[in-house]
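Here is a brief report on one protein chain. Look at the structure first, then read on.

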Amino acid sequence: MEQIQAIRGTRDILPDEAIYWQFLERTAFEVLSRACYQEIRTPIFEPTPLFERGIGEATDVVGKEMYTFTDRGDRTLTLRPEGTAGAVRAYIQNKLASNGIQRLWYTGAMFRYERPQAGRQRQFHQIGLELLGVKAPRADVEVIAIATDILKALGLKNLSLQLNSVGSGEDRQNYRDALVAYLTPYKDDLDQDSQDRLERNPLRILDSKDKKTQEIAENAPSILDYLGTESKAHFDQVCQLLNDLNITYHLNSRLVRGLDYYTDTAFEIQSADLGAQATVCGGGRYDGLVSQLGGGDTPAIGWAMGMERLILLLKELQPLFPSSPDIYFVSRGQKAENKALIIAQDLRQKGYKVELDLTGSNFGKQFKRGDRTGAKMCLVLGDSEVENNTIQLKYLDTGKQETLSVEDIETKL
């Protein structure tokens, strides 16, 4: 029978790697909790129009990358390609606006049909944050600062904050016209994707990875020259507050992000240790998305971190290993094995980390396995000990061993 394999673009996270995921999730949770952000969990699949309207039909995500299917109720559904649209849908549907400013975060699997590579899978994972209900520039800086805090708490280095403003809808339209006017004479020299984007999504041409297109875009007009008075004042205040927090940033007028819903502040945090796939966190302001999806006029800003890329960096920093058990429990003989299970469960319920050897092999082999776990103590139970209501306690580092009554186990732990 043919062996069934995981689908291309998906991968198993095995125990020796899962500890990095747990460290990442635990660290992010601690930082986000200190900033009073609360977790939200939304469905993995949503109605397809949510992403078509929210992300934009002209984007690559909607046009090329979504996993869309029709269910038995003849409804068109899509596996979520990103987290913001679902979070905003939940914000509107559950009337969270009535509770004032919402500080939300989430983590989970996302799905995009892309060419799999290191740090990028078709099923990938993100930690995301959304701050809804605040227009002030300090909201922008708060979410950037929190992202920076998480990355620092993880121990990451060689990070760079890239910052830009894409302005209001009117600013962006004015810039779009200027950009198309600049690029049109070079149309035949652009890569095929950029030629296709020239009319439907020209701002995306600015972050093309094609070398020739990059050379052409180098001399394109800067969007910062097309900001209106209000957008410029907002961006200037963001820059000043970042300076006040001693958060270093680099102005990057070619940074536009890939989704249609962004307005004003856009940013990425990049790592010099990741090669071409340098971005570990990206986000920005999306003041029109809530109303676009049927809610009230609500300013908002958010970001998302790619967890696979962060795991690649964490593995480079230092190896992580599962924590050792407090006690390794060996037993042999039917009565002893049954009694050992009862004692092990009792100790676990009292807070001890106990690994119970279930092999039934001879004591020598069980002791060797116990040594490999890194446990300092080993409980030893045979049928004779069961008869006498005793147990052997062996210190694996010194080899010292003593006999205890079962009731006295905890006094030695």
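## A buried charged pair

Arg 89 and Glu 46 are both buried. In this predicted model, they form a salt bridge, with their closest N and O atoms 2.8 Å apart. Arg 89 sits in helix 4 and Glu 46 in strand 2 (residues 45-47), so the bridge ties together parts that are 43 residues apart in sequence.

## Other salt bridges

The structure holds 17 salt bridges. One of them joins Lys 135 to Asp 264, at 3.2 Å from N to O. Lys 135 lies in the loop between strand 6 (123-132) and helix 5, while Asp 264 belongs to strand 9 (residues 263-271), 129 residues apart. Lys 135 is partly exposed, at 34% relative accessible area. Asp 264 is buried, at 5%.

Arg 369 and Asp 357 also pair, at 3.1 Å from N to O. Arg 369 is in helix 13 (residues 363-373); Asp 357 is in the loop between strand 13 (354-356) and helix 13. Arg 369 is partly exposed, at 24%, whereas Asp 357 is buried, at 6%.

## Nonpolar cores

The largest nonpolar core has 46 residues. Leu 32, Val 143, Ile 150, Leu 242 and Trp 303 have the most contacts inside it. Helix 5 (residues 137-153) gives the most to this core, with nine residues. Apart from it lies another core of 39 residues, including Leu 96 and Tyr 106.

## Confidence

The chain averages a pLDDT of 91, and 97% of the residues score at least 70. Confidence is lowest in helix 3 (residues 60-65), at a mean of 72. Strand 1 (residues 38-39) is highest, at 98.

Key:
Residues numbered from 1 in each chain as written. Predicted model: local features only at pLDDT ≥ 70, side-chain atom pairs only at ≥ 80, totals over all residues. Heavy atoms only, no water. pLDDT = per-residue confidence, 0-100. Helix = DSSP H or I, 4+ residues; strand = E, 2+ residues; numbered from the N terminus. Core = buried A, V, L, I, M, F, W, Y, C linked by side-chain atoms within 4.5 Å. Buried < 20%, exposed > 50% of the residue type's maximum accessible area, 1.4 Å probe, protein only. Salt bridge = Lys/Arg side-chain N within 4 Å of Asp/Glu carboxyl O.
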